[in-house]
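Please give a short tour of this structure for someone who has not seen it before.

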Amino acid sequence: MPIPSLAALPIRRLTLRDLTACADLSEDRGWPREEHKWGLLLAAGKGYGIDDPHGGLVTACVVTEYGPYSEPDLGAIGMVLVAERHARQGIGRRLMRHVLSVMGTTPLTLHATPYGRPLYEELGFKLTGRAEMLQGHFTPGGPASTVSTRAATAEDLAAILRLDEEVLGTDRTHLITRLPAFADQLRVAEEGGRIIGYAAAWPNMNTHVVGPLIARDAETAQALLTSLAAGTDRPLRTDIDVRHEELRKWAGERGLVPVGLNSVMTYGIPELPGDWSRRFAPLTVAAL
């Protein structure tokens, strides 16, 4: 039987059964396998991909929807990958056009690498911001923080969800309720018994990724990041909105150095909803 051309191969929904194939695709492109993150995204979002007749996946991506279940008000696209042997043949463009068609009028966002940005611009995505990836071993120092932080409890979940929706401008319940199982640490900042910020640290290969990081101000964000760092011996990695210059400078002084810069892009909306001044880092650049 002749092998069909790439253009004729069907795009299908991916599930958790495809986790290993997705991790293999990441590795094929020189990315970490990130099976833990793939597992979260495939469970909380919708994966799309094309099967390779020779085995594995030709391409894959995940869309995580937010807002009302039947009528999402925002979708985040991430993990857009094409196998090296099939690169530069229009496969990524075809997959993205399929996602745009499926999502209809739902506004979209993504974090684009310099390599991927030209394709997204061609498809109509607009640059709305940038996020700087920082990584390194955190070194405590400086004056002690006056902001109180502690480990989150089950009783905090309702307040965390209210704060998250207020800051993000959309409902992420299906994602945030997975944090206690997904993350190694989940902490809150308090003032007068009221939660003014929260953050998680989750394992990704040999690092702990700090995200989401939601805080009333830079001082609160610093306190949360410091408290998470105290709970791990691994290097930390996080993606900070470049507008948060105070936190980025402070993090650099603590040993977290820039290792990359991604473009934050939107489709169908001029900018992300919510309050960017309290949104310091996403859960992952592959989601929101």
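What percentage of the 288 residues of the chain count as buried? The share is 53%. Buried means under 20% relative accessible area, exposed means over 50%, and partly exposed lies in between, with a 1.4 Å probe and protein chains only.

This is a predicted model, in which local features need pLDDT of at least 70 and side-chain atom pairs count only at pLDDT 80 or more, while totals for chains, interfaces and linings use all residues. Residues are numbered from 1 along each chain as its sequence is written, and side-chain values use heavy atoms, with hydrogens and water left out.

**The whole chain**

The chain has nine helices and 13 strands. Helices (H or I, at least four residues) and strands (E, at least two) are DSSP runs, numbered from the N terminus. The C-alpha trace spans about 70 × 35 × 35 Å along its principal axes. The radius of gyration of the chain is 19 Å, which agrees with the value near 19 Å for a compact globule of 288 residues. That radius is taken over C-alpha atoms, and the globule rule is 2.2 Å times the number of residues to the power 0.38.

Contact means heavy atoms within 4.5 Å.

**Two pockets**

On a 1 Å grid over the protein atoms alone, a pocket is an open set of points where a 1.4 Å probe fits, with protein on both sides within 12 Å along at least five of seven lines; lining residues have an atom within 4 Å of a point. Grid points are joined across faces, edges and corners, and a volume is the space filled by probe spheres set on the points.

| Pocket | Volume | Residues nearest its centre |
|---|---|---|
| Largest | about 1200 Å³ | W31, V80, L81, T113 and Y115 |

The largest pocket is lined by 48 residues. They divide into 25 nonpolar, 16 polar and seven charged. Here Ala, Val, Leu, Ile, Met, Phe, Trp, Tyr, Cys and Pro count as nonpolar, Asp, Glu, Lys and Arg as charged, and the others, Gly among them, as polar. Strand β4 gives the most to this lining, with six residues.

V80 lies in strand β4, residues 74-82. Leaving out residues up to four places away in sequence, V80 touches A60, C61, M96 and Y120.

How many disulfides does the structure hold? There are zero. A disulfide is a pair of cysteine sulfur atoms within 2.5 Å. The cysteine sulfur nearest to that of C61 belongs to C22, 9.7 Å away. C61 counts as buried because its relative accessibility is 0%. C22 counts as buried because its relative accessibility is also 0%.

**A covered helix**

Helix α2 (residues 35-44) is mostly covered, with seven of its 10 residues buried. The buried residues are K37, W38, G39, L40, L41, L42 and A44.
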